[in-house]
Amino acid sequence: MSLTRFDFSKLFDLNVLVLESDPASGHQLKQILTSLGIRKVELSRSAQLLLASEQVAPYDVIFLDYDAEPSMVGADLIELLLMKNIVSPYCRLVVLSAATERQKYAVDYPFHQIDFLNRPCNKFHIDEQLKLHVRLKPFMDQILPLVHKRRYVDAFKLIGELQQKAGSETPAAVLQLKAQLLLELGVFDAASASIKAACARQQDWALWLQFLLDYEQADLESCSHFLANGSDEQSCYQERKEVWQIYLALEDEDYSRACDIAGKLPTAGMSTRITQLVKLVMMLSDKTEQAIELIERKRRLAGSGYQFCILTLSLCKVLLFLIAQPQSEQRLVAYQAMLQQCFRQLITDKEASQCAADIIWLQGSLVAQADGKEAAIAFLEKQKQHLSSMQMSVASQCHGAALMASLGKMNAAFDLIYLSNKALYLMPHSMHKVYAACVQLQAFQMIYPKADRGQIYAQMGLRHEKEAELRPAAQMYYKAYLAEPTYLSHQEHLANLLSQLKLSKYKTFILSEFNQR
């Protein structure tokens with residue numbers, strides 16, 4: 001069978017799930033699918049059974065109601081399905097939504113097959129999605145498993161072989177995947193060349209990819225121009241642009257600018273990630289009371305469950321931050337009581353086990369408040385083996401690093417910050433990486449004063465180098481060089497790494513110019 005010849009038998013064999021909260025709409029969708037020849041169609045009104053599953057969902061295509069779960073916004077539901085690996089890379093997730101464009105496209109999902117259909121949608125739109133899945137299946141079923149194992153080089157080679165077989169009929173989605181892989185591999189010139197035509201046609205995915213390439217190559221002028229001067233066609237990506245603007249402001253430690261941008265984000269339909277980011281910016285801008293109000297509103301909407309736990313953790317962190325500030329005894333007592341109440345709510349929630357590491361870090365903070373630093377250190381020492389067995393998120397590692405630093409355990413804090421940097425580097429370029437980078441940046445800046453940062457970056461670079469992770473090592477030595485531009489050792493290390501990587505430059509550091517000095 002040709003890679004590009006359409007095989008109708010594959011269409012009829014698709015296993016499809018319709019997840020629709022409205023019974024009438026769900027029944028109508030099922031009828032449409034049946035009329036299109038789909039024999040295996042399941043209908044569900046809630047995502048709870050899917051979320052409770054410990055296995056990958058066995059569907060080829062899922063039509064998902066963006067508002068299927070009243071306790072969480074659609075962006076959170078999509079993220080949860082992906083995070084729990086319920087939706088496999090093989091599966092096409094078609095999200096049916098009447099949400100605003102900025103809400104739908106605030107997040108990108110590289111290496112997943114996700115599309116949005118605006119409501120109301122008809123038989124033609126449904127048929128188009130099914131046929132697209134069948135056309136892409138011979139490509140995606142081979143490529144995406146390699147990508148999700150981070151075998152980017154193998155995936156790139158495979159795309160080349162498939163492209164040779166398909167010729168001019170290679171689907172655009174495969175070419176987009178190829179460009180994304182070039183970005184992940186750090187082959188920026190080739191990535192730019194591959195998307196040149198798509199950028200000229202003002203295709204959104206290519207313009208965003210070029211923005212990421214500009215950022216990776218430290219062309220901040222082009223980045224700022226893109227974020228500030230998007231066309232009307234890109235208005236649906238406004239929230240994504242605003243998150244990037246916040247991140248760039250945090251990089252400059254310009255908290256006032258970050259707060260101005262965050263303040264313009266509409267709270268209605270705000271995802272948990274955006275809520276956490278706005279909370280972070282408010283804390284850094286001395287608007288902590290507003291941060292508490294924002295999280296409390298979102299917690300009430302969630303009621304319970306995973307999103308409730310994440311928001312409660314965020315609230316606990318805000319309260320810990322407030323308790324550490326000088327204030328009246330009356331306020332201190334009120335914040336401590338609120339913290340204890342939130343902690344009890346957190347540990348009694350049915351989804352609390354999903355936040356096990358953060359709960360331990362939080363307990364460490366509570367022990368430090370009640371019994372002093374030595375007691376907290378002893379408690380965390382007992383939990384050390386348990387913590388080391390957990391697969392912590394970047395945010396959780398940063399949480400632990402901040403706690404360890406506050407207890408005077410700077411070596412442990414460094415280890416956790418280093419691990420968070422390692423995890424961050426392994427994340428594919430996406431908005432999820434930007435959120436995590438914001439959290440890590442704030443933690444790093446809070447733990448280490450400006451005078452020490454160059455040496456800390458160099459230490460992280462050295463550890464990456466010892467573990468044969470040359471690209472992240474180069475990234476760290478570049479940051480050390482920016483922090484301490486007159487310190488020749490950083491430049492020498494960076495030049496040596498670039499030679500090993502066979503790279504002529506790293507962002508603004510050009511190897512030939514350094515060698516000529």
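Tyr105, Phe116, Trp208, Phe211, Tyr215, Phe226, Tyr237, Trp244 and Tyr247 form one aromatic cluster. The structure is a predicted model. It contains 17 aromatic pairs, an open sheet of five strands and no disulfides.

**Aromatic pairs**

- A pair of aromatic rings is described by the distance of the centres and the angle of the planes.
- Across the structure, 17 aromatic pairs are found.
- Tyr215 and Tyr247 make an edge-to-face pair, because their ring centres are 6.2 Å apart and their planes meet at 65°.
- Tyr215 belongs to helix H11 (residues 204–216) and Tyr247 to helix H13 (residues 238–251), so this pair ties together parts that are 32 residues apart in sequence.
- Tyr215 and Tyr247 are both buried.
- Another edge-to-face pair is formed by Tyr481 and Phe509, with 5.5 Å from centre to centre and 75° between the planes.
- Since Tyr481 lies in helix H26 (residues 470–483) and Phe509 in strand S7 (residues 509–510), the pair ties together parts that are 28 residues apart in sequence.
- Tyr481 and Phe509 are likewise both buried.

**Nonpolar core**

- In soluble globular proteins, nonpolar side chains tend to be buried together.
- The largest nonpolar core has 154 residues, of which Leu64, Ile78, Trp244, Ile246, Tyr247 and Trp361 touch the most other members.
- Helix H17 (residues 306–323) supplies the largest share of this core, with 13 residues.
- Apart from neighbours within four places in sequence, Ile246 is in contact with Ala258, Ile261, Ala262, Leu265, Leu277 and Val281.

**Sheet and packed helices**

- The five strands of the open sheet follow the order S2-S1-S3-S4-S5, with parallel pairing.
- Strand S2 (40–44) and strand S5 (113–118) are the edge strands, each pairing on one side only.
- From one strand to the next, the twist averages 15°.
- Five bridges join strand S3 (residues 61–65) to strand S4 (residues 92–97) in the parallel sense, and Leu64 has Val95 in S4 as its bridge partner.
- Helix H4 (residues 74–83) packs on the sheet and touches S3, S4 and S5, its direction making about 150° with that of S3.
- Helix H2 (residues 23–35) lies across strand S1 (15–19), S2, S3 and S4, and runs at about 175° to S2.

**Cysteines**

- Zero disulfides are found in a search of the whole structure.
- Cys309 is buried, with a relative accessible area of 0%; its sulfur is 4.8 Å from the closest cysteine sulfur, in Cys355, which is too far for a bond.
- Cys438 is also buried, at 0% relative accessibility; its sulfur lies 11 Å from the closest cysteine sulfur, in Cys398, again too far for a bond.

Conventions
Residues numbered from 1 in each chain as written. Predicted model: local features only at pLDDT ≥ 70, side-chain atom pairs only at ≥ 80, totals over all residues. Heavy atoms only, no water. Disulfide = S-S within 2.5 Å. Buried < 20%, exposed > 50% of the residue type's maximum accessible area, 1.4 Å probe, protein only. Pairing = 2+ DSSP bridges. Helix = DSSP H or I, 4+ residues; strand = E, 2+ residues; numbered from the N terminus. Axes fitted to C-alpha atoms, helices over the stretch in contact; angles between N-to-C directions. Contact = heavy atoms within 4.5 Å. Core = buried A, V, L, I, M, F, W, Y, C linked by side-chain atoms within 4.5 Å. Phe/Tyr/Trp six-rings, centres within 6.5 Å; stacked < 30°, edge-to-face > 60°.
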